[in-house]
Amino acid sequence: MKTHSVCLPILATLALSAAVTRANVNINNAARGVSPSNAKLYVPDSVNNWSCLDGSKTIPFSAVNDDYCDCIDGSDEPGTSACGTGQFYCANIGHTPSNIKTSRVNDGVCDEECCDGSDEYDGQTHCPNVCEEVGAKAREENDRIQSIQNEGARLRRGFIKHGKANKVSLTNELETLRDQVDQVQLALNDARAKLDAANEEQGAYLEGSKSEREATRRQQLEPLIQEQTKRLKYAIEVRDMLKITLQNLKEKHNKNFHDMAVKGTVSGFDDYIVAQGEKTEVVEDDLASLASDRQFDALVDETSVVLRDIGTLHDLLDGMKRDYNTEYNDEAVLAAVKVTDDFEITWDSSKLDFADVEHLVLPEELPVDSPEAEKFRDATDLAQAAFNEASDKENKIQEGIRDIERKLNMDFGPDETFSQLVDKCFDFKDTEYTYSVCLFGDANQSSHSSTHLGKFSGWEGDNYDVQMYTGGTKCWNGPERSVKLVMSCGTTTEIVSVTEPEKCEYLFKLQTPAVCPIPEGEGEADEQEQDQERQQDQQQEEEGEEHTRKHDEL
Amino acid sequence: MFNRPRMHRSRPPLPGSASRRTVLWPFVISLTVVLMVSAVKQEDFKTCAQSGFCTRNRAYAELASGTPDWESPFRLDPTSLQLEDGVLTGDLIHAPTSSSSSAESGGALNAGYTIEVHLLDSDAVRVRMNERDPKRRRYDGLQKSVLVKPLVSSTQYDQLGRDEDGLFTINYGSRRQNSARIRFAPFQIEFLADGVSTLVLNEGGLLKIEAAQVWSDVADTRTRTPMERRLEQGMWSERFKDIIDTKPRGPESFGLDITFPDIEDVYGIPEHASSLSLKTTRGPGAQYNEPYRLYNLDVFEYEIDSPMALYGSIPFMLGHSKDKTAGVFWMNAAETWIDIEKIESTSGSSRRTTRTHWYSEAGVLDLFVFLGPTHRDIFKQYSSLVGTTALPQSFSIGYHQCRWNYISQKDVIEVDAGFETHEIPYDVLWLDIEHTNGKRYFTWDPKQFPDPFDMQLHLANKGRKMVTIIDPHIKMDRGYHISKEATDKSLFVMNNHLKPFDGWCWPGSSQWIDFENPRAKDWWASQFSYDRYKGSTNTLFTWNDMNEPSVFTGPEITLPKDAMHYNRVEHRSIHNIYGAMFHAATAQGLSTRNETLQRPFVLSRAFFAGSQRYGSVWTGDNKASWEHFEVAAPMLLTIGLAGLPFSGADVGGFFGDPEPELLTRWYQAGAFYPFFRAHAHLDSKRREPWLFGEPYTSQIRAAIRTRYSLLPFWYTLFQEASMDGVPIIRPMFFEFPSDEATYRMEDQFMVGEALLVKPVTTAGATQSEVYFAGNEKWFEFYDGQVKQGPGVQSVSSPAYKIPVYQRAGTIVPKRETPRRSSKEMENDPFTLVVALDSKGEAYGRLYLDDGESYEYSRGDYILREFKVQGSVLTSRSLNRQESETEWSFIRRYSSLKVERIVFQGLSEPVSRVVIDGRPTVVESWHDVAGKQHVVIVSRANLSIGQDWSVSLS
């Protein structure tokens with residue numbers, strides 16, 4: 001790692017290669033900042049010299065802690081800031097000993113890690129010894145954490161047991177279902193063959209009477225085709241009117257205002273036009289040459305395409321109408337808003353024509369009434385019913401297999417802890433929004449409407465305590481939303497905070513027993529006790545969302 | 001931050017996503033509304049053709065160049081000349097000759113003008129021209145804000161009178177080394193230094209002063225030619241986009257050409273994202289089509305390599321060549337454009353002559369000429385007028401961590417903890433606009449920042465400070481104390497109907513404080529007192545943003561030119577200094593909020609000549625791109641050359657997400673910007689130094705620690721700049737003024753006299769071409785490797801460092817213990833790094849004071865000179881006053897130690913070191929590759945405040 005040479009300029013490095021003679025350093029100083037376990041390293045050799053801990057150099061023992069840096073590794077100055085890179089040991093009697101960087105020695109700050117104040121001894125700053133007080137608080141806190149961890153570990157063992165058992169039962173279930181697959185598939189193939197045969201026979205019969213039937217059919221459908229054509233034309237007219245409005249807005253709005261609502265609409269319109277370029281408009285004459293059924297279908301399809309365009313264009317205008325800056329009085333914007341208002345009024349009254357109730361539906365072809373035709377029809381119906389039944393059965397089994405496979409393929413951790421939490425959902429309310437996550441599923445943000453924040457995409461790191469939810473709704477001028485869900489040990493599973501440290505990147509903090517440490521070397525607890533725990537835990541989990549938050553996280 | 005009318009917090013996208021089923025015609029539309037913030041919108045800002053007075057003056061220049069034997073229609077009346085007490089006065093007469101008669105367009109031109117030439121005690125010369133009896137009084141109030149003190153006339157001059165060529169000559173300067181040679185008809189003033197023509201006014205005959213007129217003067221129904229129409233464009237009103245400038249005063253612009261004979265390179269006139277040596281804008285092969293524009297504007301994601309106006313304006317230009325150098329300060333705060341043309345020399349020199357053409361929209365023609373004789377003298381002369389940089393709070397030259405926005409108190413504490421964990425020093429954490437209660441400055445968002453005292457104390461415990469943003473737009477809200485008081489005291493800028501102007505900015509409907517009002521400054525300053533600015537402490541400092549001023553709904557995103565200030569001063573006349581007046585008032589507020597005066601720290605985006613007296617500036621809303629990184633160096637060098645040395649560019653780039661390599665390279669270079677701050681846009685990803693993992697964290701840590709180890713050196717440079725007005729980071733030519741190879745060099749620079757820095761601005765580059773100027777050695781800063789100048793050499797620039805070299809003949813003071821903040825280093829010992837030149841000599845200085853008060857001005861500081869001569873290093877005091885012991889800083893700190901002295905570049909091995917006559921065993925010596933000898937005196941134990949000597953033999 002070459003960066004080291006940057007931190008330690010060679011000019012200093014050269015200095016460190018110097019041979020040193022310096023007298024009169026108080027021998028007591030040599031022990032300053034040295035931990036008891038390292039004390040044996042700070043003793044002079046037979047000629048009263050001492051070697052840097054990295055072995056790079058030998059210096060007089062008096063040069064240890066003389067406030068001048070000799071060793072490249074900084075080991076000669078454990079008690080001063082001269083090197084700045086070593087460790088200074090604070091005994092912290094009454095609390096826990098700690099090591100701080102020697103760069104923090106005599107820097108004028110009473111470091112929290114050094115509650116005995118031993119890091120500031122040059123007389124510039126007085127740091128009182130507060131270890132008793134700090135130690136007492138720390139012990140109290142430690143006890144609190146310990147009790148949460150104990151309880152958490154107990155609960156987690158239940159999760160693990162549940163998870164392992166669940167895995168076994170799912171595996172078994174999967175096997176059973178797989179055994180049935182071949183059988184149902186054979187039945188399905190058989191049913192399909194029979195249906196094909198019946199269809200073919202009926203088809204052959206119908207082919208004979210084709211032109212006669214098309215004439216009857218056209219007569220039947222003609223009024224519907226005419227009506228649908230009329231609707232299509234009207235829809236196209238409306239769409240074009242909205243397009244012109246947007247085109248005008250695009251050309252004439254005042255770009256100096258940087259009104260993001262207007263910019264958004266114009267940019268959306270540009271995208272619409274680009275997308276429009278890739279498609280072919282329907283020409284009425286092309287349709288006339290088609291069989292009446294297909295002609296009608298095509299008209300209905302095209303109408304729905306145009307209606308969707310209208311929806312899109314209206315959404316663009318409406319989005320602007322809601323958010324545009326009324327202070328600017330931009331005439332082009334006001335004109336577009338006016339058109340939008342007018343459109344909304346007239347469209348409301350005319351859209352009935354397009355509503356579901358009035359929707360033109362392709363009527364059943366009038367049955368051809370002959371005993372022979374009926375015979376073919378009955379045979380086909382029968383074969384169809386048999387096929388449907390076989391197909392449903394096959395689907396159901398495949399679906400079951402997929403669902404189990406999904407769960408089996410999920411990474412619930414090496415000990416299956418998270419199996420218990422799959423698809424469990426949690427909410428968090430702050431002043432503006434309610435945030436929710438279904439573990440291994442989706443995360444959302446909602447107020448009046450709901451915004452998708454992401455879908456579970458995996459664990460981050462190897463510790464099984466951070467999940468990522470990605471691919472949420474794209475942000476205005478930003479990335480797709482995503483959630484980082486960070487877990488900490490607690491006795492209940494709940495979201496304890498939600499923040500947005502970067503735009504559209506959310507941080508959910510979740511406390512859960514699932515990440516409480518299980519003391520090492522602890523074997524499987526007594527079966528019976530665990531069963532009991534499991535029942536309790538399940539009950540607790542079910543009640544989980546109603547619990548008031550106790551914030552007993554770590 | 002850039003102008004965005006409204007912010008949307010994670011707003012859902014507009015509806016409209018749709019994909020549809022395939023029917024008869026297979027197609028799928030996937031319509032996603034993607035909103036992009038694109039780069040600068042050129043159409044938001046005026047071109048010369050869209051500016052009336054720019055068009056008129058440029059057309060006049062075209063007319064001149066298109067007219068054979070063009071002569072300026074101005075002549076000086078010989079009988080009117082009077083020279084008294086260093087001031088020459090006379091009458092200028094506008095009398096068109098046949099060649100210039102067609103330039104009479106533009107209505108009635110006043111026939112009578114006055115000229116004043118003031119010879120000043122600093123050897124500078126002031127030239128003023130005005131109408132004799134103007135129908136409207138021109139704005140002439142700039143000097144009260146720009147000049148530091150009343151000007152004193154020189155007594156050092158001789159009047160030679162008219163010579164046989166009809167020229168009137170005055171010799172001036174202590175040695176009478178300078179001359180001003182005045183020609184009567186056509187009018188021209190030529191300045192000579194030691195007999196060499198150095199700067200000429202109106203040589204090109206482009207002087208033009210539009211007489212103040214009233215509308216009836218110019219009723220004119222002639223059919224006009226296209227040229228005539230251009231000469232009259234936009235005189236009485238002007239529309240840009242949908243906003244009309246009513247121009248109630250009509251035309252009052254003026255222009256003048258300033259020629260630098262046989263000088264090919266001119267510098268200065270920031271702020272532009274352009275080259276160090278200014279490009280040509282006129283004439284054959286002009287590099288830009290548009291003139292350089294000075295008009296403070298809020299331009300987001302500005303374009304690189306463009307003469308477009310940016311946030312600040314300093315109308316100061318330096319011309320420099322191998323044998324002469326000259327400076328000019330065009331004292332005007334209205335919109336100004338400058339054309340630059342290179343023409344063939346008339347003296348037979350092989351060097352081309354640079355002719356510049358300056359034109360301003362309003363005010364009076366008022367300029368200063370500086371002849372040096374050296375470029376350093378020019379900075380002394382210029383800064384004696386507009387002031388040197390104020391000695392800053394010492395913490396402010398440490399590293400600053402900023403982001404739009406650290407969102408809460410908790411966020412602040414966590415970021416601070418990140419620096420602790422990763423052992424990266426920093427001094428200041430910054431809060432952008434979101435920290436306020438609804439963009440009401442001087443307030444805190446009560447939910448996110450419930451206890452600002454506690455937060456500041458948490459940082460202050462480790463010697464750290466905070467900065468909050470305070471902008472000049474005041475939310476219109478009677479319930480907001482600032483808004484209410486300013487309304488009650490009538491301190492807001494008015495519109496052209498003399499009603500309070502309101503426009504749109506971050507808080508929505510807003511108003512702007514009128515700093516032209518003499519009561520506004522004190523009132524504004526008083527808002528910073530601890531009892532008014534609730535939640536502020538003495539470790540809280542200020543950031544002035546958006547002070548061009550930025551007005552989202554205004555023309556070119558700023559105040560309309562016909563907005564009215566106090567005493568009926570049009571905004572047009574003072575636009576470019578508005579931001580500096582705001583900066584000044586804020587600085588006053590910080591400096592007077594304590595019982596004793598303390599130095600302020602205020603960062604400003606807008607600036608003008610003199611802004612150096614109030615604090616630092618930065619180059620605004622740049623982008624996370626290698627190109628923006630690269631242009632930062634010439635931009636900062638140029639700002640420094642205009643007398644404003646305390647400047648920086650946002651490390652990492654404000655917009656966008658830098659790749660880790662770019663961020664690291666930017667930190668490595670940014671550690672050598674005078675102002676060293678990382679900043680990021682709201683929409684960008686977090687990028688605190690440790691977020692990219694190794695090796696980047698270590699590399700960035702190393703860069704920041706390098707800065708901290710050199711803080712004594714930097715602080716000494718600031719002190720020097722505060723005395724002499726010299727830049728802190730300097731173009732190569734500044735240190736090697738006779739080396740022509742350096743005149744356009746902008747990709748490497750000097751920090752002071754001692755350090756050469758070459759930013760690495762190419763992705764993946766691990767080799768850099770460095771130009772080693774001069775005939776002396778250069779010592780690599782980190783490993784002591786020697787390079788011999790002159791010439792370009794390829795040196796390695798691996799990912800963990802950029803090329804930094806110490807110049808032979810210099811001594812650099814350092815502090816090598818890595819601490820958390822600059823405050824924590826104040827008791828640490830020093831290392832002196834001596835780089836000997838070929839004569840075995842070296843020189844350096846060290847300046848120390850308490851870093852926050854003004855006690856230094858009474859003598860409480862330590863200034864040492866270190867010098868090696870004849871193998872002896874001596875330290876002696878340069879303090880001005882005796883009886884140093886009475887001062888508390890000196891008393892407390894003069895016993896600080898020099899613990900280590902490194903001698904590099906010794907020609908022979910050293911066998912003996914004697915400190916203050918006491919023989920000392922040579923403690924260490926080394927021979928690097930046989931090329932040089934290095935001696936390190938360890939445990940030197942020499943007091944910084946005492947004289948001593950160290951002899952090598």
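How many bridges join strand 9 of chain A to strand 10 of chain A, and which way do the two strands run? There are four bridges between strand 9 (residues 466–471) and strand 10 (residues 482–489) of chain A, and the pair runs antiparallel. Keep in mind as you look around that this is a predicted model.

A handy pair here is S488(A) with its bridge partner Q511(A) in strand 12 of chain A. As a reminder, strands of a sheet pair through backbone hydrogen bonds, and the pairing can be parallel or antiparallel.

Now move back along chain A to the helices. UniProt, in an unreviewed entry, puts a "coiled-coil region" at residues 131–201 of chain A. In the model that span is 100% helix and 0% strand, and its end C-alpha atoms are 96 Å apart. Helix 3 of chain A covers residues 131–207, and it packs against helix 9 (residues 371–409) of chain A with the axes 7 Å apart and an angle of about 160 degrees. Angles over 145 degrees count as roughly antiparallel, and helix 3 of chain A and helix 9 of chain A are therefore roughly antiparallel to each other. The crossing of these two helices of chain A is left-handed. Sorted by class, the contact between helix 3 of chain A and helix 9 of chain A takes in 22 nonpolar, ten polar and twelve charged residues.

One backbone detail in chain A is worth a look before we leave it. D67(A) has a positive phi, near 65 degrees, although this residue is not a glycine. You'll find D67(A) in the loop between strand 2 (58–60) and strand 3 (87–90) of chain A.

On to chain B, where we can begin with an open sheet of eight strands. Its order is 33-32-31-28-24-23-22-34, and the pairing is parallel. Strand 33 (647–648) and strand 34 (676–678) of chain B are the edge strands, each pairing on one side only. Inside this order, strand 23 (residues 428–431) and strand 24 (residues 465–469) of chain B run parallel and are joined by four bridges. W430(B) stands opposite V467(B) in strand 24 of chain B.

Two loops of chain B hold cis peptide bonds. One joins W404(B) and N405(B), with omega about 15 degrees; N405(B) sits in the loop between strand 22 (399–401) and helix 5 (409–421) of chain B. Another joins E694(B) and P695(B), with omega about 5 degrees. P695(B) is in the loop between strand 34 and helix 12 (696–709) of chain B.

Chain B also has an open sheet of three strands, in the order 25-27-26, with antiparallel pairing. The edges are strand 25 (473–475) and strand 26 (503–505) of chain B, which each pair on one side only. Ignoring direction, neighbouring strands of this sheet are turned by 60 degrees against each other on average. Three bridges hold the antiparallel pairing of strand 26 with strand 27 (residues 508–512) of chain B, and in strand 27 of chain B the bridge partner of W504(B) is S509(B).

How do helix 8 (residues 518–526) and helix 9 (residues 571–592) of chain B cross? Their axes come within 7 Å and cross at roughly 45 degrees, which makes helix 8 of chain B oblique to helix 9 of chain B. The crossing of this pair in chain B is right-handed. On the helix 8 side of chain B, the residues in contact are K521(B), D522(B), W524(B) and A525(B), and the residues they meet in helix 9 of chain B include F582(B), T586(B) and Q588(B). By class, this contact of helix 8 with helix 9 of chain B counts five nonpolar, three polar and two charged residues.

Finally, an unreviewed UniProt entry places "domain: Glycosyl hydrolase family 31 C-terminal" at residues 725–812 of chain B. In the model this span is 5% helix and 40% strand, with its end C-alpha atoms 21 Å apart.

Notes
Residues are numbered from 1 along each chain as its sequence is written. Chains are lettered from A and ligands numbered from 1 in the order in which they are written. This is a predicted model: local features need pLDDT of at least 70, side-chain atom pairs count only at pLDDT 80 or more; totals for chains, interfaces and linings use all residues. Side-chain values use heavy atoms; hydrogens and water are left out. UniProt positions are given in the numbering used here, feature names are shortened, and annotations may be inferred rather than shown by experiment. Two strands pair if DSSP finds at least two bridges between them. Axes are lines fitted to C-alpha atoms, for helices over the stretch in contact, and angles run from 0 to 180 degrees between N-to-C directions. Angles under 35 degrees count as roughly parallel, over 145 as roughly antiparallel, 65 to 115 as roughly perpendicular and the rest as oblique. A crossing is left-handed if the near helix is turned anticlockwise from the far one by less than a right angle, and right-handed if clockwise. Contact means heavy atoms within 4.5 Å. Ala, Val, Leu, Ile, Met, Phe, Trp, Tyr, Cys and Pro count as nonpolar, Asp, Glu, Lys and Arg as charged, and the others, Gly among them, as polar.
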